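Welcome, and thanks for taking a look at this model with us. Here is a short briefing on a helix pair, a sheet and one of its residues.

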Amino acid sequence: MPWNDNANPGPWGSPNNDDRRDGPRRPQGGGGGPRRPGGPDFNAGFDRLSRRVRDLLGGPGGPRPGVVPAIVGVAVGLWALSGIYQVAPNEVGVVTTFGAYTGQTGPGLNYHLPAPIQAVEKVPVLALNRTDVGGAGSDDRAAGLMLTGDEQIVDVNFSVTWRIADPRAFLFVVRDPNESVTAVAESAMREVVGKTPLQPIISTGRGQMQQQTRDVMQRTLDAWGAGITVVEVQISRAGPPAEVNDAFRDVQSAEQDKDSSVNEANTYRNRVVNEAKGDAASIMNRAEAYREQAVREAAGEAARFNQIYTEYRRAPGVTRDRLYIESMERILARSNKVVIDSKGASAPIILPPDVFRPKTTAAAPPAEPAAPPAPAQKGGQ
């Protein structure tokens with residue numbers, strides 16, 4: 001029954017009722033049913049196609065001799081030519097026979113047995129793939145929240161650049177390579193962050209963390225036999241979560257104030273300690289000098305006394321007189337002296353008070369002691 005047969009209404013009712021309600025009926029085409037003005041005539045096209053197929057097969061009397069083998073041959077030829085495929089320069093073709101791995105083909109025009117015998121899957125081995133973990137580019141933004149070695153929470157957003165090293169392992173060992181790389185990257189970064197304090201993570205330790213994460217990822221993927229090479233791990237952001245960002249800045253400011261105070265205290269301590277060390281060294285030097293002076297003076301006095309004693313044993317009288325004279329000279333060197341001749345004086349002598357006043361002028365330095373007297377000759381006094 002044709003689709004445009006108006007005699008049998010469809011589930012939405014008879015189109016004739018609509019035509020009566022809306023206005024005069026539309027003109028009918030050669031197919032016997034309504035059609036839009038200027039639209040394609042599907043019935044006429046089907047009729048023409050049917051006539052051509054009947055003419056090809058020989059008309060109502062049956063197919064012509066040789067037509068069926070020709071059709072079969074053409075179909076087999078088309079089926080055989082379906083095994084031709086092109087591999088791009090950055091790809092490797094992995095050929096499977098009934099689903100099992102058969103081999104690989106390089107870039108260029110290649111051929112495999114038609115389906116369902118063989119199939120080929122093209123793997124872009126030279127293309128660089130990128131997987132984002134954490135941040136806006138990741139499916140799970142909370143994946144970047146990690147616990148540091150000093151039990152702090154940090155939000156690490158990073159990306160992993162990787163490529164396919166072994167197409168066979170990439171296709172047959174890992175079910176979902178992208179998901180596997182994401183899971184391994186997150187696990188490796190958590191391991192590295194868990195061993196690192198917060199301060200190196202947010203300041204100068206990113207380069208070392210990136211290298212450690214790449215090494216951990218590569219070891220894990222190699223143990224799985226995933227056929228993936230990790231090219232680079234790049235940390236785009238490492239800092240506190242957005243919810244505690246203000247509090248973290250306050251903590252950082254307090255840490256900087258603490259460091260500044262500690263530096264000032266260390267500067268003051270160094271200055272005071274250095275001054276004290278300098279004063280102590282000066283006192284020690286003066287004490288050493290005084291000790292050396294006292295020792296040398298004592299040694300000189302002892303040597304002088306020994307010399308005088310030697311001379312005294314040789315000439316006791318002369319030595320006593322000389323010692324007395326030298327002692328009186330040292331005692332009376334800075335005193336006022338009055339010499340009086342008492343011969344022929346009968347009245348007491350009265351001296352003016354000014355005579356006994358101390359001298360205002362600087363006294364002359366005491367004379368150097370004379371050399372010890374020469375030893376007395378035997379038999380002479």
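This is a predicted model: local features need pLDDT of at least 70, side-chain atom pairs count only at pLDDT 80 or more; totals for chains, interfaces and linings use all residues.

**Helix packing**

Residues are numbered from 1 along each chain as its sequence is written, and side-chain values use heavy atoms, leaving out hydrogens and water.

- Helix H8 (residues 245–314) and helix H9 (residues 316–331) pack at about 135 degrees, with axes 6 Å apart; axes are lines fitted to C-alpha atoms over the stretch in contact, and angles run from 0 to 180 degrees between N-to-C directions.
- Helices are DSSP runs of H or I with at least four residues, strands are E runs of at least two, and both are numbered from the N terminus.
- The H8 side of the contact includes Arg 304, Ile 308 and Tyr 312, and the H9 side includes Pro 316 and Leu 323 (contact means heavy atoms within 4.5 Å).

**The sheet**

- Three strands form an open sheet in the order S3-S2-S5, with antiparallel pairing (strands pair if DSSP finds at least two bridges between them).
- Strands S3 (100–105) and S5 (118–123) are at the edges, each with a single partner strand, so one side of each lacks a neighbour in the sheet.
- The twist averages 30 degrees from one strand to the next.

**Thr 96**

- Thr 96 lies in strand S2 and counts as buried at 15% relative accessibility (buried is under 20% relative accessible area, exposed over 50%, partly exposed in between, with a 1.4 Å probe and protein chains only).
- Leaving aside residues up to four places away in sequence, Thr 96 touches Tyr 101, Thr 102, Ile 117, Gln 118, Ala 119 and Phe 172.
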